[in-house]
Amino acid sequence: MMGIPTVTKNLLIINVLFFFGSVVALKHGIDLNHWLGLHFFMGKDFYLFQFFSYMFLHANLTHLFFNMFAVWMFGRVLEYVWGGKRFLLYYIVCGVGAGIVQEIVQYIHYTIELSKYTSVNTGMGVIPMIEYLNLLTTVGASGAVFGILLAFGMLFSNQSLFIFPLPIPIRAKYFVIGYAAIELFLGVSNNPGDNVAHFAHLGGMIFGLILILYWKKKNRNNGTYFQ
């Protein structure tokens, strides 16, 4: 991994190791996604450390690839600009923030739709509500990745990006705004067959924005961090 800054490189390595470690563990009857994934806080298997551990797990190889590709493509640029410590802090804050937003959205869904039921039909059978709530588990670095996309769009707003399958380049700021709008639409649509945590993605962006604005205010007279 020549040319990749230290924190970005280590994040890539850790995520890959966690993924293949989870594959090996599952063959031995240990489901790391169950133990380290972020459970809904009303589930019996929820623990606070899951706000950190969940962002290093992924559902499948495709999930891992696209998240790590974004970390490599955009994260290394942010690390060069901010330095390793600040970039790592930003990554963790966005990931944890995404988990917090996901918990809030799940709770709202529970209070509106599910609180009046004692059991839920999952499509594979009817289970008690307490068991269903414990099945609400989130994994993936996507919240942190969306925070990275936001930061890149703010720091390099006019940078042209070639995004498949668009036939023309698009400026980073429009790419980020468009992506956020799509995530909001998909999240509000609440498609029953959609198991993507769209609001967690937006949560990563929200917490990233808050942190960037805080840094910007703190360093108002220092042009190091923003262009």
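Leaving aside its neighbours within four places in sequence, which residues is Glu103 in contact with?

## Glu103

Glu103 is in contact with Leu38, His39, Phe40, Phe41 and Phe51, leaving aside neighbours within four places in sequence. Contact means heavy atoms within 4.5 Å. The residue belongs to helix α5 (residues 84-114). Helices (H or I, at least four residues) and strands (E, at least two) are DSSP runs, numbered from the N terminus.

Glu103 is buried, yet has no salt bridge. Its nearest side chain of opposite charge is Lys44, 15 Å away. Buried means under 20% relative accessible area, exposed over 50%, and partly exposed in between, with a 1.4 Å probe and protein chains only. For charge, Lys and Arg count as positive, Asp and Glu as negative; His and the chain ends are not counted.

## Basis of the model

This is a predicted model, in which local features need pLDDT of at least 70 and side-chain atom pairs count only at pLDDT 80 or more, while totals for chains, interfaces and linings use all residues. Residues are numbered from 1 along each chain as its sequence is written, and side-chain values use heavy atoms, with hydrogens and water left out.

## Salt bridge

The count comes to one salt bridge. The rule asks for a side-chain nitrogen of Lys or Arg within 4 Å of a carboxyl oxygen of Asp or Glu. Asp45 pairs with Lys44, with the closest N and O atoms 3.4 Å apart. Asp45 counts as buried, because its relative accessibility is 9%. Lys44 counts as exposed, at 63%.

## Second largest pocket

The second largest pocket has a volume of about 180 Å³. A pocket is an open set of points on a 1 Å grid over the protein atoms alone, where a 1.4 Å probe fits, with protein on both sides within 12 Å along at least five of seven lines; lining residues have an atom within 4 Å of a point. Volume is the space filled by probe spheres set on the points, which are joined across faces, edges and corners.

Its lining consists of Asp31, Asn33, His34, His39, Asn134, Leu135, Thr137, Thr138 and Val139. At least two lining residues come from each of α2 (32-36), α6 (129-135) and β4 (137-138). By class, two are nonpolar, six polar and one charged.

Phe175 lies in helix α8 (residues 172-189). It is buried, because its relative accessibility is 15%. Leaving aside neighbours within four places in sequence, Phe175 is in contact with Leu149, Leu161, Ile163 and Ile170.

Lys116 sits in the loop between α5 and β2 (119-121). Its relative accessible area is 55%, so Lys116 is exposed.

Definitions and conventions: Ala, Val, Leu, Ile, Met, Phe, Trp, Tyr, Cys and Pro count as nonpolar, Asp, Glu, Lys and Arg as charged, and the others, Gly among them, as polar.
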